[in-house]
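Thanks for coming, everyone. I'll walk through one structure today. Please have a look at it first.

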Amino acid sequence: MLNMESVEKIAPVMSAYGRFPVTIVKGKGCYVWDDAGKKYLDFTSGIAVCALGHVPDAVEEVLKKQLDTLWHCSNLFHIASQEKLAGMLTKLTCCDQVFFCNSGAEANEGAIKLARRYAHLIKGKDNGHIVTFNHSFHGRTMATLTATAQEKIQNGFGPLMPGFRYLPYNSDEAIQALKEDDDCIAVMLEMVQGEGGVIPADPSWIKALADVCKEKGMLLMVDEVQTGIGRTGTLFAYQQYGIEPDVVTAAKALGSGIPIGAFMAKKHVSQVMTPGTHGSTFGGNPFATTAGVATLEAFEKQHVLEHCEKSAAYLNGKLIELKAKYPGLIKDVRGKGLLIGVETTFPAIDAVNQLREEQNVLILTAGKNVLRILPPLVVTNSEIDHFIKALGEVLNKQ
Ligand SMILES: *Cc1c(COP(=O)(O)O)cnc(C)c1O
(Lines give C-alpha, C1' and ligand atoms only; values in the text may rest on other atoms or scores of the structure.)
Protein backbone atom coordinates (compact mmCIF):
# COMPACT_ATOMS: atom_id res chain seq x y z
CA MET A 1 0.00 0.00 0.00
CA LEU A 2 1.16 3.47 -0.86
CA ASN A 3 1.55 5.61 2.24
CA MET A 4 -0.60 8.66 1.52
CA GLU A 5 -0.20 10.26 4.94
CA SER A 6 2.82 12.35 4.04
CA VAL A 7 1.18 13.88 0.96
CA GLU A 8 -2.13 14.69 2.61
CA LYS A 9 -0.66 17.76 4.22
CA ILE A 10 -0.04 19.63 0.98
CA ALA A 11 -2.51 20.74 -1.66
CA PRO A 12 -3.02 18.01 -4.25
CA VAL A 13 -2.78 20.51 -7.14
CA MET A 14 0.72 21.78 -7.93
CA SER A 15 1.31 25.39 -7.03
CA ALA A 16 2.35 26.43 -10.54
CA TYR A 17 -0.19 29.28 -10.60
CA GLY A 18 -0.60 32.32 -8.42
CA ARG A 19 -4.36 32.23 -7.87
CA PHE A 20 -6.87 34.74 -6.58
CA PRO A 21 -8.61 33.48 -3.41
CA VAL A 22 -11.89 32.86 -5.22
CA THR A 23 -13.53 29.63 -6.44
CA ILE A 24 -15.70 30.22 -9.50
CA VAL A 25 -18.62 27.82 -9.80
CA LYS A 26 -20.94 29.33 -12.41
CA GLY A 27 -20.88 31.73 -15.33
CA LYS A 28 -23.38 33.35 -17.67
CA GLY A 29 -22.78 36.19 -20.09
CA CYS A 30 -20.42 38.78 -18.59
CA TYR A 31 -20.91 37.47 -15.02
CA VAL A 32 -19.48 34.67 -12.86
CA TRP A 33 -20.45 33.48 -9.38
CA ASP A 34 -18.19 32.13 -6.63
CA ASP A 35 -18.90 29.27 -4.22
CA ALA A 36 -20.34 31.70 -1.67
CA GLY A 37 -22.86 32.98 -4.21
CA LYS A 38 -21.07 36.31 -4.79
CA LYS A 39 -21.61 37.65 -8.32
CA TYR A 40 -18.77 39.31 -10.25
CA LEU A 41 -18.65 41.33 -13.44
CA ASP A 42 -16.02 39.42 -15.40
CA PHE A 43 -13.72 41.60 -17.51
CA THR A 44 -11.14 38.80 -17.82
CA SER A 45 -13.19 36.44 -20.02
CA GLY A 46 -11.11 33.54 -18.69
CA ILE A 47 -8.02 35.27 -20.20
CA ALA A 48 -9.56 36.28 -23.53
CA VAL A 49 -11.31 32.93 -24.01
CA CYS A 50 -15.02 33.57 -23.42
CA ALA A 51 -15.50 36.06 -26.26
CA LEU A 52 -19.24 35.33 -26.42
CA GLY A 53 -19.51 35.50 -22.63
CA HIS A 54 -19.87 32.52 -20.32
CA VAL A 55 -21.94 29.55 -21.47
CA PRO A 56 -23.31 31.36 -24.53
CA ASP A 57 -26.74 30.01 -25.54
CA ALA A 58 -25.84 29.51 -29.20
CA VAL A 59 -22.84 27.29 -28.42
CA GLU A 60 -24.44 25.57 -25.43
CA GLU A 61 -27.37 24.36 -27.50
CA VAL A 62 -25.14 22.84 -30.19
CA LEU A 63 -22.79 21.22 -27.65
CA LYS A 64 -25.69 19.62 -25.78
CA LYS A 65 -26.65 17.87 -29.02
CA GLN A 66 -23.03 16.88 -29.68
CA LEU A 67 -22.84 15.35 -26.16
CA ASP A 68 -25.48 12.86 -27.24
CA THR A 69 -23.83 12.12 -30.58
CA LEU A 70 -20.04 11.72 -30.59
CA TRP A 71 -17.24 12.98 -28.38
CA HIS A 72 -14.10 11.52 -29.89
CA CYS A 73 -13.03 9.21 -32.69
CA SER A 74 -9.35 10.16 -33.48
CA ASN A 75 -7.79 11.65 -36.58
CA LEU A 76 -7.59 8.22 -38.21
CA PHE A 77 -11.05 9.11 -39.51
CA HIS A 78 -12.61 12.09 -41.24
CA ILE A 79 -14.34 14.48 -38.84
CA ALA A 80 -17.09 16.56 -40.43
CA SER A 81 -17.04 19.41 -37.88
CA GLN A 82 -13.25 19.67 -38.25
CA GLU A 83 -13.53 20.00 -42.01
CA LYS A 84 -16.31 22.54 -41.61
CA LEU A 85 -14.34 24.67 -39.13
CA ALA A 86 -11.23 24.52 -41.32
CA GLY A 87 -13.35 25.64 -44.27
CA MET A 88 -14.70 28.58 -42.29
CA LEU A 89 -11.24 29.65 -41.08
CA THR A 90 -9.69 29.46 -44.53
CA LYS A 91 -12.57 31.42 -46.02
CA LEU A 92 -12.17 34.13 -43.38
CA THR A 93 -8.35 34.43 -43.55
CA CYS A 94 -5.52 34.49 -46.07
CA CYS A 95 -4.63 30.88 -45.15
CA ASP A 96 -5.46 27.78 -47.20
CA GLN A 97 -5.14 24.90 -44.73
CA VAL A 98 -5.58 24.34 -41.00
CA PHE A 99 -4.19 21.88 -38.43
CA PHE A 100 -6.13 21.54 -35.18
CA CYS A 101 -4.64 20.98 -31.75
CA ASN A 102 -5.63 21.73 -28.16
CA SER A 103 -3.97 24.91 -26.94
CA GLY A 104 -2.09 28.05 -27.88
CA ALA A 105 1.31 26.60 -27.03
CA GLU A 106 0.56 23.54 -29.12
CA ALA A 107 -0.51 25.74 -32.03
CA ASN A 108 2.73 27.74 -31.85
CA GLU A 109 4.75 24.56 -31.42
CA GLY A 110 3.12 23.36 -34.65
CA ALA A 111 3.94 26.64 -36.41
CA ILE A 112 7.59 26.24 -35.35
CA LYS A 113 7.66 22.70 -36.72
CA LEU A 114 6.02 23.90 -39.92
CA ALA A 115 8.66 26.61 -40.38
CA ARG A 116 11.48 24.16 -39.81
CA ARG A 117 10.07 21.57 -42.19
CA TYR A 118 9.40 24.24 -44.83
CA ALA A 119 13.01 25.44 -44.54
CA HIS A 120 14.25 21.86 -44.78
CA LEU A 121 12.12 20.73 -47.73
CA ILE A 122 11.68 23.89 -49.78
CA LYS A 123 14.76 25.94 -48.94
CA GLY A 124 17.19 23.09 -48.28
CA LYS A 125 18.14 24.85 -45.05
CA ASP A 126 18.59 22.82 -41.88
CA ASN A 127 20.06 24.93 -39.14
CA GLY A 128 18.25 28.21 -39.51
CA HIS A 129 16.67 30.10 -36.66
CA ILE A 130 13.33 31.75 -35.95
CA VAL A 131 13.26 35.38 -34.84
CA THR A 132 10.90 36.36 -32.01
CA PHE A 133 10.69 39.61 -30.02
CA ASN A 134 11.53 40.89 -26.56
CA HIS A 135 8.54 40.80 -24.16
CA SER A 136 6.71 38.31 -26.37
CA PHE A 137 4.64 35.42 -25.08
CA HIS A 138 4.20 32.25 -27.11
CA GLY A 139 3.51 29.52 -24.54
CA ARG A 140 5.04 27.21 -21.95
CA THR A 141 6.25 24.14 -23.86
CA MET A 142 10.02 23.89 -24.35
CA ALA A 143 9.98 25.32 -27.87
CA THR A 144 7.41 28.01 -27.15
CA LEU A 145 9.00 29.13 -23.89
CA THR A 146 12.26 29.44 -25.81
CA ALA A 147 10.39 31.52 -28.40
CA THR A 148 9.06 33.63 -25.50
CA ALA A 149 11.77 36.24 -24.98
CA GLN A 150 11.16 36.74 -21.26
CA GLU A 151 13.69 35.71 -18.62
CA LYS A 152 10.97 35.09 -15.99
CA ILE A 153 9.30 32.46 -18.21
CA GLN A 154 12.57 30.69 -19.13
CA ASN A 155 14.34 30.83 -15.78
CA GLY A 156 15.34 27.38 -14.51
CA PHE A 157 14.18 25.45 -17.55
CA GLY A 158 17.45 25.30 -19.46
CA PRO A 159 18.86 24.06 -21.67
CA LEU A 160 16.56 26.00 -23.97
CA MET A 161 15.81 24.90 -27.53
CA PRO A 162 18.35 25.91 -30.13
CA GLY A 163 17.24 27.91 -33.15
CA PHE A 164 15.79 31.16 -31.80
CA ARG A 165 17.00 34.75 -31.96
CA TYR A 166 15.39 37.71 -30.13
CA LEU A 167 15.06 41.24 -31.47
CA PRO A 168 13.39 44.39 -30.09
CA TYR A 169 9.68 44.78 -30.98
CA ASN A 170 8.54 47.83 -32.98
CA SER A 171 12.16 48.79 -33.70
CA ASP A 172 14.12 49.81 -36.81
CA GLU A 173 16.99 47.90 -35.27
CA ALA A 174 15.03 44.65 -35.77
CA ILE A 175 14.32 45.42 -39.45
CA GLN A 176 18.00 46.21 -40.02
CA ALA A 177 19.11 43.04 -38.22
CA LEU A 178 16.72 40.94 -40.32
CA LYS A 179 18.05 42.45 -43.54
CA GLU A 180 21.50 41.22 -42.56
CA ASP A 181 20.34 37.82 -41.23
CA ASP A 182 20.87 35.02 -43.75
CA ASP A 183 20.07 32.23 -41.29
CA CYS A 184 16.58 33.35 -40.31
CA ILE A 185 13.86 31.02 -41.64
CA ALA A 186 10.84 32.69 -40.04
CA VAL A 187 9.69 35.59 -37.88
CA MET A 188 7.04 34.94 -35.23
CA LEU A 189 5.22 37.74 -33.44
CA GLU A 190 2.04 38.91 -31.74
CA MET A 191 0.13 41.76 -33.39
CA VAL A 192 -0.51 43.09 -29.89
CA GLN A 193 1.89 41.80 -27.24
CA GLY A 194 -0.64 40.63 -24.65
CA GLU A 195 1.18 39.20 -21.63
CA GLY A 196 4.12 41.53 -22.32
CA GLY A 197 2.17 44.68 -21.39
CA VAL A 198 -0.54 45.16 -24.08
CA ILE A 199 1.71 46.69 -26.74
CA PRO A 200 0.20 46.99 -30.23
CA ALA A 201 2.48 46.57 -33.22
CA ASP A 202 3.21 49.79 -35.05
CA PRO A 203 1.57 49.61 -38.54
CA SER A 204 4.56 51.04 -40.43
CA TRP A 205 6.89 48.64 -38.62
CA ILE A 206 4.67 45.68 -39.56
CA LYS A 207 4.76 46.78 -43.23
CA ALA A 208 8.56 46.95 -43.10
CA LEU A 209 8.68 43.57 -41.36
CA ALA A 210 6.42 41.95 -43.95
CA ASP A 211 8.57 43.47 -46.72
CA VAL A 212 11.83 42.17 -45.31
CA CYS A 213 10.28 38.71 -44.80
CA LYS A 214 9.20 38.61 -48.42
CA GLU A 215 12.53 39.94 -49.69
CA LYS A 216 14.53 37.35 -47.76
CA GLY A 217 12.13 34.39 -48.12
CA MET A 218 11.48 34.18 -44.38
CA LEU A 219 8.04 33.06 -43.23
CA LEU A 220 5.90 35.65 -41.46
CA MET A 221 4.08 33.86 -38.64
CA VAL A 222 1.59 35.70 -36.45
CA ASP A 223 0.67 34.34 -33.04
CA GLU A 224 -2.99 35.34 -32.76
CA VAL A 225 -3.72 33.07 -29.81
CA GLN A 226 -4.91 36.07 -27.77
CA THR A 227 -5.68 38.63 -30.50
CA GLY A 228 -7.52 36.18 -32.77
CA ILE A 229 -11.23 35.39 -33.00
CA GLY A 230 -12.44 38.94 -32.80
CA ARG A 231 -10.65 40.28 -29.72
CA THR A 232 -9.28 43.32 -31.57
CA GLY A 233 -12.41 44.06 -33.62
CA THR A 234 -11.51 42.03 -36.72
CA LEU A 235 -11.50 38.23 -36.77
CA PHE A 236 -7.69 38.38 -36.72
CA ALA A 237 -5.65 41.43 -35.79
CA TYR A 238 -3.33 41.09 -38.81
CA GLN A 239 -6.33 42.00 -40.98
CA GLN A 240 -6.05 45.60 -39.73
CA TYR A 241 -2.45 45.87 -40.89
CA GLY A 242 -2.78 45.24 -44.65
CA ILE A 243 -0.46 42.23 -44.60
CA GLU A 244 -0.85 38.54 -45.41
CA PRO A 245 1.09 36.31 -43.03
CA ASP A 246 2.25 32.87 -44.17
CA VAL A 247 1.22 31.26 -40.91
CA VAL A 248 -1.42 32.21 -38.30
CA THR A 249 -2.03 30.55 -34.94
CA ALA A 250 -5.20 30.72 -32.84
CA ALA A 251 -6.60 29.14 -29.70
CA LYS A 252 -8.06 31.03 -26.75
CA ALA A 253 -11.49 32.18 -27.99
CA LEU A 254 -11.87 29.68 -30.82
CA GLY A 255 -13.97 27.19 -28.81
CA SER A 256 -15.70 29.60 -26.38
CA GLY A 257 -13.93 27.76 -23.53
CA ILE A 258 -13.79 24.23 -24.94
CA PRO A 259 -10.03 23.56 -25.40
CA ILE A 260 -8.96 23.97 -29.03
CA GLY A 261 -6.03 25.44 -30.92
CA ALA A 262 -5.12 25.75 -34.57
CA PHE A 263 -2.28 26.70 -36.83
CA MET A 264 -3.01 27.59 -40.40
CA ALA A 265 -0.92 28.50 -43.40
CA LYS A 266 -0.88 29.45 -47.03
CA LYS A 267 -0.72 26.40 -49.25
CA HIS A 268 2.89 26.83 -50.37
CA VAL A 269 3.77 26.31 -46.69
CA SER A 270 1.04 23.94 -45.47
CA GLN A 271 1.82 21.44 -48.26
CA VAL A 272 4.95 20.32 -46.40
CA MET A 273 2.78 18.67 -43.73
CA THR A 274 2.34 15.33 -45.48
CA PRO A 275 0.74 12.26 -43.78
CA GLY A 276 2.69 11.20 -40.70
CA THR A 277 4.54 14.49 -40.15
CA HIS A 278 2.53 15.81 -37.23
CA GLY A 279 -0.27 14.67 -34.95
CA SER A 280 -2.37 15.27 -31.86
CA THR A 281 -4.70 12.65 -30.40
CA PHE A 282 -7.37 15.07 -29.26
CA GLY A 283 -6.62 17.74 -31.86
CA GLY A 284 -9.75 18.85 -33.70
CA ASN A 285 -11.97 16.31 -32.01
CA PRO A 286 -15.71 16.39 -32.78
CA PHE A 287 -16.69 18.14 -29.55
CA ALA A 288 -14.05 20.88 -29.75
CA THR A 289 -14.50 21.61 -33.43
CA THR A 290 -18.28 21.66 -33.03
CA ALA A 291 -17.71 24.34 -30.38
CA GLY A 292 -15.50 26.19 -32.87
CA VAL A 293 -18.09 26.06 -35.65
CA ALA A 294 -20.84 27.21 -33.28
CA THR A 295 -18.60 30.04 -32.04
CA LEU A 296 -17.87 31.39 -35.53
CA GLU A 297 -21.52 31.00 -36.55
CA ALA A 298 -22.58 32.98 -33.48
CA PHE A 299 -20.04 35.68 -34.39
CA GLU A 300 -21.73 36.10 -37.72
CA LYS A 301 -25.35 35.85 -36.53
CA GLN A 302 -24.84 38.21 -33.60
CA HIS A 303 -22.60 40.67 -35.52
CA VAL A 304 -20.02 40.28 -32.78
CA LEU A 305 -17.18 42.03 -34.64
CA GLU A 306 -19.24 45.18 -35.27
CA HIS A 307 -20.42 45.11 -31.66
CA CYS A 308 -16.85 44.69 -30.40
CA GLU A 309 -15.67 47.68 -32.40
CA LYS A 310 -18.44 49.90 -30.99
CA SER A 311 -17.97 48.68 -27.41
CA ALA A 312 -14.20 49.13 -27.69
CA ALA A 313 -14.64 52.75 -28.80
CA TYR A 314 -17.05 53.38 -25.92
CA LEU A 315 -14.83 51.75 -23.29
CA ASN A 316 -11.71 53.42 -24.64
CA GLY A 317 -13.39 56.82 -24.52
CA LYS A 318 -14.39 56.26 -20.88
CA LEU A 319 -10.86 55.15 -19.97
CA ILE A 320 -9.36 58.23 -21.62
CA GLU A 321 -11.73 60.36 -19.51
CA LEU A 322 -10.45 58.57 -16.40
CA LYS A 323 -6.87 59.20 -17.52
CA ALA A 324 -7.65 62.92 -17.81
CA LYS A 325 -9.25 62.88 -14.37
CA TYR A 326 -6.40 60.95 -12.71
CA PRO A 327 -3.23 62.00 -14.59
CA GLY A 328 -1.12 61.08 -11.56
CA LEU A 329 -2.44 57.50 -11.55
CA ILE A 330 -2.95 56.58 -15.21
CA LYS A 331 -0.01 57.01 -17.57
CA ASP A 332 -1.38 55.43 -20.73
CA VAL A 333 -4.45 53.75 -22.23
CA ARG A 334 -3.61 51.50 -25.16
CA GLY A 335 -4.49 48.32 -27.00
CA LYS A 336 -6.69 47.26 -29.86
CA GLY A 337 -10.39 46.45 -29.79
CA LEU A 338 -11.30 44.88 -26.46
CA LEU A 339 -7.71 43.97 -25.58
CA ILE A 340 -6.97 47.02 -23.50
CA GLY A 341 -4.03 47.95 -21.29
CA VAL A 342 -4.10 50.77 -18.75
CA GLU A 343 -0.63 51.71 -17.55
CA THR A 344 -0.66 52.81 -13.92
CA THR A 345 1.86 54.68 -11.78
CA PHE A 346 1.04 52.39 -8.83
CA PRO A 347 1.15 48.55 -8.62
CA ALA A 348 -1.58 47.30 -10.99
CA ILE A 349 -2.26 44.31 -8.77
CA ASP A 350 -3.55 46.66 -6.02
CA ALA A 351 -6.34 47.88 -8.28
CA VAL A 352 -7.06 44.33 -9.47
CA ASN A 353 -7.45 43.15 -5.86
CA GLN A 354 -9.55 46.12 -4.77
CA LEU A 355 -11.83 45.80 -7.79
CA ARG A 356 -12.39 42.14 -6.97
CA GLU A 357 -12.78 42.45 -3.21
CA GLU A 358 -14.69 45.73 -2.95
CA GLN A 359 -16.42 46.18 -6.29
CA ASN A 360 -17.07 42.56 -7.41
CA VAL A 361 -15.30 43.25 -10.69
CA LEU A 362 -12.64 40.99 -12.23
CA ILE A 363 -9.75 42.23 -14.39
CA LEU A 364 -6.11 41.12 -14.89
CA THR A 365 -2.64 42.61 -15.00
CA ALA A 366 -0.04 42.45 -17.78
CA GLY A 367 3.21 42.98 -15.93
CA LYS A 368 3.63 45.15 -12.81
CA ASN A 369 2.08 48.41 -14.00
CA VAL A 370 -0.55 47.50 -16.55
CA LEU A 371 -4.21 46.67 -15.96
CA ARG A 372 -5.36 44.25 -18.63
CA ILE A 373 -9.03 44.63 -19.46
CA LEU A 374 -10.60 41.82 -21.48
CA PRO A 375 -14.40 41.95 -21.36
CA PRO A 376 -16.44 39.45 -23.34
CA LEU A 377 -16.90 40.89 -26.86
CA VAL A 378 -20.67 40.91 -26.27
CA VAL A 379 -20.32 43.35 -23.35
CA THR A 380 -23.03 46.04 -23.16
CA ASN A 381 -22.56 49.77 -22.57
CA SER A 382 -24.28 49.49 -19.19
CA GLU A 383 -21.79 46.78 -18.15
CA ILE A 384 -18.99 49.09 -19.30
CA ASP A 385 -20.51 51.94 -17.25
CA HIS A 386 -20.63 49.62 -14.21
CA PHE A 387 -16.94 48.78 -14.72
CA ILE A 388 -15.88 52.41 -15.18
CA LYS A 389 -17.72 53.45 -12.03
CA ALA A 390 -16.00 50.65 -10.07
CA LEU A 391 -12.58 51.57 -11.46
CA GLY A 392 -13.22 55.24 -10.60
CA GLU A 393 -13.96 54.26 -6.97
CA VAL A 394 -10.74 52.28 -6.79
CA LEU A 395 -8.67 55.08 -8.36
CA ASN A 396 -10.13 57.51 -5.82
CA LYS A 397 -8.53 55.47 -3.06
CA GLN A 398 -4.97 55.32 -4.44
C1 LIG B 1 -2.15 32.47 -24.07
C2 LIG B 1 -1.16 32.62 -25.16
C3 LIG B 1 -0.39 31.53 -25.60
C4 LIG B 1 -0.42 30.18 -24.92
O5 LIG B 1 -1.65 29.57 -25.01
P6 LIG B 1 -1.95 28.28 -24.09
O7 LIG B 1 -3.30 27.83 -24.56
O8 LIG B 1 -1.92 28.73 -22.69
O9 LIG B 1 -0.89 27.29 -24.36
C10 LIG B 1 0.44 31.72 -26.68
N11 LIG B 1 0.54 32.92 -27.29
C12 LIG B 1 -0.18 33.99 -26.89
C13 LIG B 1 -0.04 35.27 -27.62
C14 LIG B 1 -1.03 33.88 -25.80
O15 LIG B 1 -1.71 34.95 -25.37
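How many residues lie between S1 and S2 in the hairpin that they form? There are two residues between them, and Gly29 in the turn has a positive phi of about 60°. Before going on, the ground rules. This is a predicted model, so to speak of local features we need pLDDT of at least 70, side-chain atom pairs count only at pLDDT 80 or more, and totals for chains, interfaces and linings use all residues. Residues are numbered from 1 along each chain as its sequence is written, and side-chain values use heavy atoms, with hydrogens and water left out.

Helices (H or I, at least four residues) and strands (E, at least two) are DSSP runs, numbered from the N terminus. Two strands pair if DSSP finds at least two bridges between them. S1 covers residues 24-28 and S2 covers residues 31-34. They run antiparallel, joined by four bridges.

Next, the lysine. UniProt, in an unreviewed entry, annotates Lys252 as "modified residue: N6-(pyridoxal phosphate)lysine". A caution on such records: positions are in the numbering used here, feature names are shortened, and annotations may be inferred rather than shown by experiment. Lys252 sits in the loop between S11 and S12. Is Lys252 buried or partly exposed? Partly exposed, because its relative accessibility is 21%. The cut-offs: buried is under 20% relative accessible area, exposed is over 50%, and partly exposed is in between, with a 1.4 Å probe and protein chains only. What does Lys252 touch, not counting residues up to four places away in sequence? Ile47, Ala48, Val49, Glu195, Val225 and Gln226. Contact here means heavy atoms within 4.5 Å.

Take Gln226. It lies in the loop between strand S10 (219-223) and strand S11 (247-250). Gln226 counts as buried because its relative accessible area is 7%. Setting aside neighbours within four places in sequence, its contacts include Lys252, Arg231 and Arg372. Ala48 and Glu195 are also among them.

Then Phe137. This residue is in the loop between strand S5 (129-133) and helix H5 (142-147). Phe137 is buried, because its relative accessibility is 17%. Beyond four places in sequence, Phe137 is in contact with Thr148, Gln150, Ile153, Glu190, Glu195 and Asp223.

On to that pocket. A pocket is found on a 1 Å grid over the protein atoms alone: an open set of points where a 1.4 Å probe fits, with protein on both sides within 12 Å along at least five of seven lines. Lining residues have an atom within 4 Å of a point. How much space lies in the second largest pocket? About 770 Å³. That volume is the space filled by probe spheres set on the points, which are joined across faces, edges and corners. The lining has 28 residues, and the closest to the pocket centre are Asn75, Gln82, Val98, Phe99 and Phe100. Helix H3 (80-92), strand S4 (97-101) and S12 each give two or more residues to the lining. S4 gives the most, with four.

Some backbone details. The peptide bond from Gly158 to Pro159 is cis, with omega near 0°. Pro159 is in the loop between helix H6 (151-154) and strand S6 (164-167). His135 is not a glycine, yet has a positive phi, near 70°. His135 lies in the loop between S5 and H5, and is partly exposed because its relative accessible area is 47%. Ser256, also not a glycine, has a positive phi of about 60°. Ser256 lies in the loop between S11 and strand S12 (261-265). Ser256 is buried, because its relative accessibility is 13%.

Last, the cysteines. A disulfide is a pair of cysteine sulfur atoms within 2.5 Å. The count is zero. Cys30 is buried at 4% relative accessible area, and Cys94 is buried at 12%.
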